[in-house]
Amino acid sequence: MNIRQIQTPNQELGRRGYQVAGTCIHISEGSLASVISEFTSSKTQKSTHFAFGRDGEKVQFAKVEDTAWGQGRVIRPTAALVLQRRDVNPNLFLISQENAGFCGDGLTDAQYLANAETIYDNHTALGLPINRQTVIGHNQINAGKSCPCNVDFERLISLALKEHIEVHPLSWR
């Protein structure tokens, strides 16, 4: 998997002993350039592990074993992963995947594939299942959010489970 590495100042090294339990999908409401600008500025105090351009370009900001700051506040969560860990900041047990674009646009085919490959690689490496319980939307952490809007999770999970996706170990975990 070809991923551009860009270090973010907005992260915590390690996960305070917590294990990764799944992946959270986001949409940025902007371009990949705006995502890079936002997540590399220490003023924003925001980040993600991975971001995907509309053309499928992949950028990694934080290692999977480190904590990105992308989940925000927990408000009326619906995801079992979050409900089972009510007193734990979701940043500590979730991988964040941010997608350039706007809510009304949906993801491009290239973004679906980039997300699916990254989910497959990370979940396989960590021994996590790939299903609707381990791949969640930001709005399942904070019910007041519409993010990631109209992402087709069935399609995303189906792509991640396809046998034709090759394992490409992340060079920068």
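**Notebook: loops, sheet, sulfurs, pocket**

I started at Arg76, which I found in the loop between β6 (67–68) and α2 (80–83). Helices here are DSSP runs of H or I with at least four residues, strands are runs of E with at least two, and both are numbered from the N terminus. This is a predicted model, in which local features need pLDDT of at least 70, side-chain atom pairs count only at pLDDT 80 or more, and totals for chains, interfaces and linings use all residues. Residues are numbered from 1 along each chain as its sequence is written, and side-chain values use heavy atoms, with hydrogens and water left out.

**Entry 1**

I looked up Arg76 for its phi, which is near 45°, a positive value in a residue other than glycine. Most residues other than glycine have a negative phi, and most peptide bonds are trans. Is Arg76 buried or exposed? I noted it as exposed, with a relative accessible area of 57%. The cut-offs, for a 1.4 Å probe and protein chains only, are under 20% relative accessible area for buried, over 50% for exposed, and in between for partly exposed.

Glu29 went on the list as well: its phi is positive, about 60°, although it is not a glycine. I located Glu29 in the loop between β3 and α1. Glu29 counts as partly exposed, at 44% relative accessibility.

Then I checked a peptide bond. The one that joins Cys147 and Pro148 is cis, with omega about 10°. Pro148 has its place in the loop between β8 and α4.

**Entry 2: the cysteines**

A disulfide is a covalent bond between the sulfur atoms of two cysteines. The rule I used takes a pair of cysteine sulfur atoms within 2.5 Å. How many disulfides does that rule give? The count comes to one.

The pair is Cys103 and Cys149, with their sulfur atoms 1.3 Å apart. Cys103 is partly exposed at a relative accessible area of 22%, and Cys149 is partly exposed at 21%.

Cys24 is in no disulfide, and the nearest cysteine sulfur, that of Cys147, is 6.8 Å away. I have Cys24 down as buried, at 0% relative accessible area. Cys147 is buried, with 10% relative accessible area.

The link of Cys103 and Cys149 is left-handed, with -100° about the S-S bond.

**Entry 3: the sheet around β3**

Strands of a sheet pair through backbone hydrogen bonds, either parallel or antiparallel. I count two strands as paired if DSSP finds at least two bridges between them. In what order do the six strands of the open sheet lie? I read β1-β5-β4-β7-β3-β8, with mixed pairing. The edge strands, β1 (4–5) and β8, each pair on one side only.

β3 is mostly covered, with six of its six residues buried. Gly22, Cys24 and His26 point one way from β3, while Thr23, Ile25 and Ile27 point the other way.

β3 and β7 run parallel and are joined by six bridges.

I noted Ala51 opposite Glu98 in β7.

**Entry 4: the largest pocket**

I looked for pockets last. On a 1 Å grid over the protein atoms alone, a pocket is an open set of points where a 1.4 Å probe fits, with protein on both sides within 12 Å along at least five of seven lines; lining residues have an atom within 4 Å of a point. A volume is the space filled by probe spheres set on the points, which are joined across faces, edges and corners.

The largest pocket comes out at about 420 Å³. Which residues lie nearest its centre? They are His26, Lys46, Gly70, His138 and Lys145, out of a lining of 22 residues. β3 (22–27) and α1 (32–39) each supply at least two residues of this lining.
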